[in-house]
Amino acid sequence: MIRNIYRLGVVCAILCPALMARAQRTHLALTPPMGWNDWYRYRCKVTEAIVQANALAMVKSGMKDAGYTYVNIDDCWQGRRDAKGFIHPNSRFPNMKALGDYIHSLGLKFGIYSSPGPKTCAGYEGSYGHEKQDAETYARWGVDFVKYDWCSASKVYSPDQMQTAYRKMHEAILSTGRPMVFSLCQYGLQAVWQWGASVGGNMWRTTADIGGDGYERVMFYGLQQNGLGKFAGPGHWNDPDILQIGLGHLTHDEELSQMSLWCLLAAPLLAGNDLTHMSQATREILTNPDVIAVDQDPKGIEGHLISQEGPLEIWAKPLEDGSVAVGMFNLSLSKVPMTVRFKDVGMPNAVEVRNLWARKNLGVFRGAFPAEAPRHGVVLIKLQPR
Ligand code: GLA
């Protein structure tokens, strides 16, 4: 009898965390998470008031209606640990529980940030040695999303311990019983896409930081995603970093390019701009329902490169209803005619074409669709067999 109980215990110790992880994965991030992250706009100047104002603006601007949900605080919220080792926020965040309640009262979800190392990238307190306590604290605050950023973990873990370090926090989160999206951030080291899901990741950064620079860096990282699609799907996504739209580094056509590419990639859509002061153009790019539907397609297939001719690239993403979204990207410095041949994207000869940014049906085309893509711009269409 005792032996059987012991055996059951051993089996459960091995299987239960895996089963719990699976159960949690089955209902979290079934489509790529959408929300906002403060880092590129506010860095370490972020405050409770800034987060509250952006959460409210997410509702008032129509972004919540468009599908944006997570309000994520990045680095620099941490204060000191108390005598028992529990983390407290710094003076810029007087009451995390109240902030979480406020975000929830708007019908939104609350995200937070930490590191598996002793310090975060900005030198604040990390979770090293306090994983369980931190996960418990986040659960008490009502956290729904944890970004876990490698940073100083390289000082305490060897590279082959990386997966263990991430699994440790995931298990700590699971043991709280509160569902939290687990977002791995380690800049794509060690081909994270190959093992991110197995350590509990709902998304994992596939690249270094995208921010601060302009179009070249955004497209370099975005187009580098080709081939990673087989590792992503409902519950676990490749993450090429935060949207740069509305931050002032991209022209209008360049912003359309990033949004189009991220949606074709089924990438998490985390806006990085000041939502309280958005231009109409920024708002329209972030909230276009036809474009967001490509990202949020329930099938969760990541798009891939169909053809490349120098700086001209055509990408396609199959959608659940049998249609295909196609992006024609022109990375060159002048406007250029581009053509997508329907057979190259698995379409029959006769196809109904819809322009997704204009939200207009363009009629039936045979064989191919010719278009003109502006300098650093994109033509984003949806092809439906006739
Ligand atoms: C790293 C991450 C960024 C951001 C900063 C915060 O650079 O990649 O996304 O979280 O740390 O310090």
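This is a predicted model: local features need pLDDT of at least 70, side-chain atom pairs count only at pLDDT 80 or more; totals for chains, interfaces and linings use all residues.
## Basis of the model

Local features require pLDDT of at least 70 and side-chain atom pairs pLDDT 80 or more, while totals for chains, interfaces and linings use all residues. Residues are numbered from 1 along each chain as its sequence is written, and side-chain values use heavy atoms, with hydrogens and water left out.

## The ligand and its shell

In the side chain of D74, an N or O atom is 2.6 Å from an oxygen atom of the ligand. For K147, a polar side-chain atom lies 2.8 Å from a ligand oxygen atom, and for D149 the distance from a side-chain N or O atom to a ligand oxygen atom is 2.9 Å. The protein buries 93% of the 310 Å² that the ligand exposes when taken alone (accessible areas by the Shrake-Rupley method with a 1.4 Å probe).

A cavity is a set of points, on a 1 Å grid over the protein atoms alone, where a 1.4 Å probe fits but cannot get out; lining residues have an atom within 4 Å of a point. One cavity of 30 Å³ or more is counted.

The lining of the largest cavity includes N37, F145, K147, M203 and R205. By class, this lining has five nonpolar, three polar and four charged residues.

How values were computed
On a 1 Å grid over the protein atoms alone, a cavity is a set of points where a 1.4 Å probe fits but cannot get out, and a pocket is an open set with protein on both sides within 12 Å along at least five of seven lines; lining residues have an atom within 4 Å of a point. Grid points are joined across faces, edges and corners, and a volume is the space filled by probe spheres set on the points. Ala, Val, Leu, Ile, Met, Phe, Trp, Tyr, Cys and Pro count as nonpolar, Asp, Glu, Lys and Arg as charged, and the others, Gly among them, as polar. A polar contact is a pair of N or O atoms within 3.5 Å; within protein, one must be able to donate a hydrogen and the other to accept it, and residues adjacent in sequence count only if both atoms are side-chain atoms.
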